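User: I'm new to this and would like to learn how to read a protein model. Could you walk me through one, feature by feature?

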Amino acid sequence: MRYLSTRNSNLKVSSREAILKGISEDGGLYVPESFPKFDILDHLDLSYTQLCHAILSLYLTDFVSDELLEIIEKSYASFEQDICKVAYHKDYYLELYHGRTSAFKDFALCLLPNLMIYAKKSLGINEKTLILTATSGDTGKAALEGFYNTENIDILVLYPTEGVSCIQKAQMDTTSSLNSKVISIDGNFDDAQTAAKKIFNDKDIKEELKNQNICLSSANSINIGRLLPQIVYYFYAYQDLVNNKKISAGDKISFCVPTGNFGDILAGYYAKEMGLPIEKLVIASNDNNVLTDFFTTGTYDANRDLVKTISPSMDILVSSNLERLIYHKSSDEIVKQKMTELNESKIFTFEGDFHEFKCGYATENETRNTIKEVFEDEGYLIDTHTAVAKNITDKLGLDKTVILSTASPYKFSSTVLSALGENISSDEFENIDLLYEKTGAKIPTEIKKLHSKKIIHKTKITKDKIEDEVLKFAKRGKRISVPATSANIGPGFDALGVALDLANTCEFKLTDDENTFEKNVESNLIYKSYKYTFDFYGEKIVPVEFDLDTNIPMSRGLGSSAACIVMGIMAAFSVMGKNPDEKEILKIATQIEGHPDNVAPAIFADAVASILKDDEVFVEKFEISDKFKFLAIISDFELSTQKAREVLPENYTKNDAVFNISRVSMLVLSLISGNEDNLKIALEDKIHEPYRLQLIPEIEKIDEIIENSDAIGHYLSGAGSTIMIILKSDDTTSESEIRNKLNKLSNSYEVMQLDIDKKGAFII
Ligand SMILES: *Cc1c(COP(=O)(O)O)cnc(C)c1O
């Protein structure tokens with residue numbers, strides 16, 4: 001299968017090239033040269049990922065089939081168990097929001113990065129890719145997650161300051177990947193999209209980036225790699241309807257699609273062209289009803305003000321993917337002409353045969369009322385975008401129609417809550433809880449966690465500054481991330497540690513300022529460790545400058561010094577041009593720190609057992625069952641390591657030794673197996689906790705709070721003062737209960753839910 005430019009069908013490329021480039025040189029979009037046939041009735045028993053593989057294999061013909069399957073399975077592992085689910089109520093809702101970022105954009109954006117990485121590798125392309133993406137809210141976060149710390153691919157997201165929901169903004173601004181930057185710009189989505197397109201067509205910028213070995217690409221739905229994965233769920237929905245006897249094999253059904261950039265519905269058109277029995281594809285718009293006008297009058301007129309609505313992901317005036325449909329209905333010559341007109345005067349006319357489409361739009365009030373009606377009549381909660389589609393389905397009196405449910409209602413909590421007639425709070429996170437109390441609909445895990453996440457991206461600019469920001473972003477130095485760690489787990493004193501998903505990060509560059517560098521070496525552990533590494537190898541030291549972002553609290557038993565040490569060593573390896581060999585880094589880090597308990601998990605990720613013998617470190621890594629999660633209680637009390645060491649006795653009884661040996665072996669096994677009852681017993685310790693816990697203020701009260709919760713158990717993290725609680729991963733109530741009770745004590749505590757870190761320290 002080859003891909004042609006909509007503006008010049010003689011420009012043909014392979015699927016790998018089309019995906020990497022994102023947009024054709026002539027400004028056109030890539031389209032497949034033909035539509036392969038696929039009969040869903042022959043594939044009624046395929047799982048989602050199998051179906052995805054079967055369909056994408058027809059389009060991505062230059063991918064090795066087995067490897068494509070591997071990529072698909074890996075990508076969709078980030079989804080909840082039901083990747084995509086049809087909810088049968090009065091209408092049929094295709095729920096497309098069970099991915100990491102709770103909108104349908106995840107379907108393509110979990111996969112696209114892996115397709116790109118494969119394409120780059122197999123085509124032998126070594127240059128860095130810079131993804132530039134404009135977002136109306138959902139694409140941004142889905143792309144940031146998809147490209148999370150990918151090697152050799154950086155991502156810059158532009159979103160309109162006033163155009164996204166609170167939750168969408170929080171999702172993007174808290175993204176901590178080292179390869180990303182999120183910028184909020186004055187203006188609306190069209191401004192952001194136009195600015196991004198302008199950079200794609202700017203020869204000077206492209207040249208300057210090329211000199212730095214960087215090539216631009218897009219994660220917007222102008223990239224064909226965004227569109228193809230979306231075809232799959234149309235087939236899947238049909239399969240589900242047949243399997244559930246809602247229709248007979250061969251019956252025609254319709255789809256009603258909340259539409260903005262015309263990507264989602266175009267994927268439905270592709271499904272129809274491939275042979276899926278589709279009656280109508282219904283284009284559902286909000287007050288920005290350019291498309292409704294176009295499909296009823298033949299004139300596309302973007303000369304109007306963009307209205308800010310409660311369905312912000314559809315607040316778009318220039319729907320990029322319409323260009324593809326016009327190509328399929330005419331020719332490259334005509335597309336070129338129409339797009340020139342659109343560019344110059346924001347208007348064009350095209351009379352085509354669109355018999356398979358229907359369209360309509362819903363006003364703000366209609367959308368609100370629909371949310372309320374559906375909830376009151378059927379107890380089913382839908383978001384604002386889905387409500388637009390449901391409203392139009394009703395208005396057009398459509399039969400046998402699947403409504404695409406494109407986002408979780410929790411992404412728009414305040415709007416949905418007020419549509420239900422409830423009072424809303426000025427705190428959006430409170431609205432999430434209120435919406436849950438009112439409806440009982442499950443809150444997506446990642447949205448729940450947002451509240452305690454740190455805002456990382458704060459850049460806000462006017463749109464004429466975008467080019468500067470892109471170039472500045474491209475010129476950044478190397479970056480390192482090292483996770484927090486919790487050592488001395490229960491009876492595993494000086495032996496067991498675990499890496500947590502809270503990290504110190506830095507950017508570093510070479511510097512000429514030797515004086516400042518020397519001063520830093522004297523006072524700062526990162527610089528010290530950097531220098532130590534050069535001395536270790538007998539190499540001449542090269543001065544650098546670190547720009548540090550610390551997230552791990554200091555002197556709280558969460559491995560902040562281990563993180564600094566590993567960071568300095570890794571920077572030294574990079575400057576010396578050495579491969580970041582984990583064993584070597586561990587050896588040096590252990591020499592500096594004196595013990596491997598924290599540095600080992602910081603380097604290797606997951607949980608690690610370590611032994612230091614005659615200057616040599618032995619490590620064994622293991623994975624903790626996903627039945628457990630960790631909750632850190634961090635007090636403002638600093639416990640000095642020296643004091644914590646002083647209180648320990650010189651000798652222990654045989655009984656105490658046996659006690660700990662039996663517990664620690666049970667501890668490791670139950671952490672792996674997920675057995676709660678055994679873990680509870682195995683967390684007891686006789687070596688350090690009985691002595692050290694006495695140093696922690698208010699410890700009896702903290703103990704009592706934890707005892708009275710559903711927690712499995714707790715232990716003193718490192719030498720303290722953090723108390724680490726282990727909870728069942730499906731425990732949704734203990735965290736806020738514990739937090740509320742701690743708030744009533746006299747000292748102040750920070751409560752932080754932490755996942756296990758799976759990546760370890762890394763440099764990009
Ligand atoms: C992006 C988005 C849409 C619009 O999809 P297009 O492919 O741009 O037409 C609708 N609803 C939600 C929730 C979205 O995120």
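User: What should I know about the model itself?

Analyst: It's a predicted model: local features need pLDDT of at least 70, side-chain atom pairs count only at pLDDT 80 or more, and totals for chains, interfaces and linings use all residues. Residues are numbered from 1 along each chain as its sequence is written, and side-chain values use heavy atoms, leaving out hydrogens and water.

User: How do I read a sheet, and what is the strand order in the open sheet of 4 strands?

Analyst: Strands of a sheet pair through backbone hydrogen bonds, either parallel or antiparallel. Two strands count as paired if DSSP finds at least two bridges between them. Here the order is E23-E24-E22-E25, with antiparallel pairing. Strands E23 (713-716) and E25 (749-754) are the edges, each pairing on one side only. E23 and E24 (residues 723-728) share 4 bridges, and Leu 716 has Ile 723 in E24 as its bridge partner.

User: Now aromatic rings. How many aromatic pairs does a search of the whole structure find?

Analyst: Rings of Phe, Tyr and Trp (its six-membered ring) pair if their centres lie within 6.5 Å; planes under 30 degrees apart are stacked, over 60 edge-to-face, the rest tilted. The search finds 37 pairs. Take Tyr 269 and Phe 357: their centres are 5.9 Å apart and their planes at 25 degrees, so this pair is stacked. Tyr 269 sits in helix H11 (residues 263-273) and Phe 357 in strand E14 (residues 357-361), 88 residues apart, so to speak distant parts of the chain are linked.

User: Are Tyr 269 and Phe 357 buried or exposed?

Analyst: Buried means under 20% relative accessible area, exposed over 50%, partly exposed in between (1.4 Å probe, protein chains only). Tyr 269 has 3%, so it is buried, and Phe 357 is buried too, at 8%. Phe 350 and Phe 354 form a tilted pair, 6.1 Å centre to centre with 50 degrees between the planes.

Technical notes:
Helix = DSSP H or I, 4+ residues; strand = E, 2+ residues; numbered from the N terminus.
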